[in-house]
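I opened my notebook to look up a few spots in a protein model.

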Amino acid sequence: MRDEGLFAVARPGRRAVLAGGVGALVAAAVGGCGGGSGSAPTPAPTMRAPTPIPGIRDGVFSLGVASGDPLPDGVILWTRLAPEPTSGGGMPLRDVEVDWQVARDERFSDVVRGGTQLATASFAHSVHVDVRGLESGRDYFYRFRAGDVLSPVGWTRTAAAPGAAGGRLSFALASCQDFQNGYWPAFDAIAGDRPDFVLHVGDYIYEYDPESAYPDRRHTTPETPGLDQLQTLADYRNRYGQYKSDPALQAAHLAAPWVVTWDDHETENNYAGLVDEAGDTGDRRQDEATFARQRAAAYQAYYEHMPIRAELDPGSPDLRIYRRLTFGDLLTLNVMDTRQYRTPLPGSPADGIGAVRQGRDNSGGTMSGAAQEAWLVDGLRTSRSRWNVIAQQTMMAQLHGQLNGSETLTNLDQADGYLPYRTRILSAVRDSRVANPVVLAGDIHCAWVNDLRVDFDRPETPVIATEFVCTSVSSGFFLISEDFVRENNARLNPHVRYFRGDRRGYTRITVSDDEWRSDMRVVETIERRDAPTSTDETWVVEAGTPGATRA
């Protein structure tokens, strides 16, 4: 919609995008967050007069707005100017100044921060503003303006201050949203929950060629169709443009800040480090140098479309996204990246499935790389938080199965494929004596509650943590059948407390000093946008007592 004078008329200073592409807070917009006792009121930040810009028209905010990575004093604000989001963006090939505001109220009568950010053509006219100087643990509203076109208004919330005791935190755990497989009522439900934040643990997009039972859900066509994968920066940008055009996803971004990490499909299925998908042949098979170029394109497009605090070096296949966020004394969130640094799957099976012994013998394997593993272990040892979370892509717990009398098999793309690595991580959790550890994951398109032990083959040993795995937002169940999984769990996986694979949804989590509650949320169907969502079961972890119980 076009601005009708909602911004005050004044011109603050401005800065271009910092090296690495992260937006800067405009120095002129520093008022509105207090002042000493008896001091004169600080003037509210003011904005430039709305002025039409050639080529900037209604629909330029077609991808909505988002916020993420909340800190006690700040948050990332995101948008991308893209009136034609699935065909290159539709923007002029020049940089565009974008105004932004943060306010305490939805009508923006109490503005506390504001400024101007450069949306550069080289970053697909995306905007990342790292707003600082906000109050801890409170709600804010934000918006953008390009020329005289105003964005939707988003809601965000800062984290509680360091040392803040007690409190309550609510968030949603989500992953795996294959656009072609169906609609996303789970995101509408998340928006309705109004959580403090959304934690998305991967597979935000899928790379596959167009093929869907729903005519309005067919993927964008890549530059080289037939490979069933994306390769170029334009491919990835158009696919993100398609996904982020979905109204349910936009609503969930408007309703809360997000904390995101990627899994494999943001680049290519089951890739590991600079090794592309096992089983690829012919034109799909890439050497490391070629795959590095694809990964660089995938990582840049991810950065361009996510409200993430990161520093991107364009053209590089590397982007550090593992990071740690704290919420007062209540919770520390360790956000992992177990794709960029992992070693190849043992045996490189095309479907990821192999014998348990392959993972057991993978003594040199890692999912996180040495530097990230050391970072995690150090964080566990030094944390003083009441709850300590490891958020990762794939299931941590052991998951064994047998098919028609076969030897015991497992999904080598999960931690079972890297058993010595998993043993080190869980030993570090135990030995650090960190308070109330919880692991969160996704990827497997079904919901789980698992007891975690250092040695799963010794069920008599103590439970050291609990794992919650969310089901998918829309991606399909692929583990043969529910009955097959349940029968194998009963025989081979006694640490599994809950499993459900026939429904899509998310996990709604509420944390207090004394208790962790996980509601396993399921949607009735993904064949309709308006399908209802309900709670299948609720599982509780009492502080000081590892292991979950049904509420």
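**Ground rules.** I am working with a predicted model, where local features need pLDDT of at least 70, side-chain atom pairs count only at pLDDT 80 or more, and totals for chains, interfaces and linings use all residues. Residues are numbered from 1 along each chain as its sequence is written, and side-chain values use heavy atoms, with hydrogens and water left out.

**Entry 1: strand S2.** I looked up S2, residues 74–80 (strands are DSSP runs of E with at least two residues, helices runs of H or I with at least four, numbered from the N terminus). Seven of its seven residues are buried, so S2 is largely enclosed by the rest of the structure (buried is under 20% relative accessible area, exposed over 50%, partly exposed in between, with a 1.4 Å probe and protein chains only). S2 runs antiparallel to S1 (residues 65–71), joined by five bridges (strands pair if DSSP finds at least two bridges between them). I also found six antiparallel bridges between S2 and S5, residues 126–131. Ile76 is the bridge partner of Gly68 and stands opposite Asp130 in S5.

**Entry 2: helices H2 and H4.** I found that H2 (residues 233–244) packs with H4 at an angle of about 35 degrees, with the axes 8 Å apart (axes are lines fitted to C-alpha atoms over the stretch in contact, and angles run from 0 to 180 degrees between N-to-C directions).

**Entry 3: Val275.** I found this residue in the loop between S11 (258–260) and H4 (288–305). Val275 is partly exposed, because its relative accessible area is 25%.
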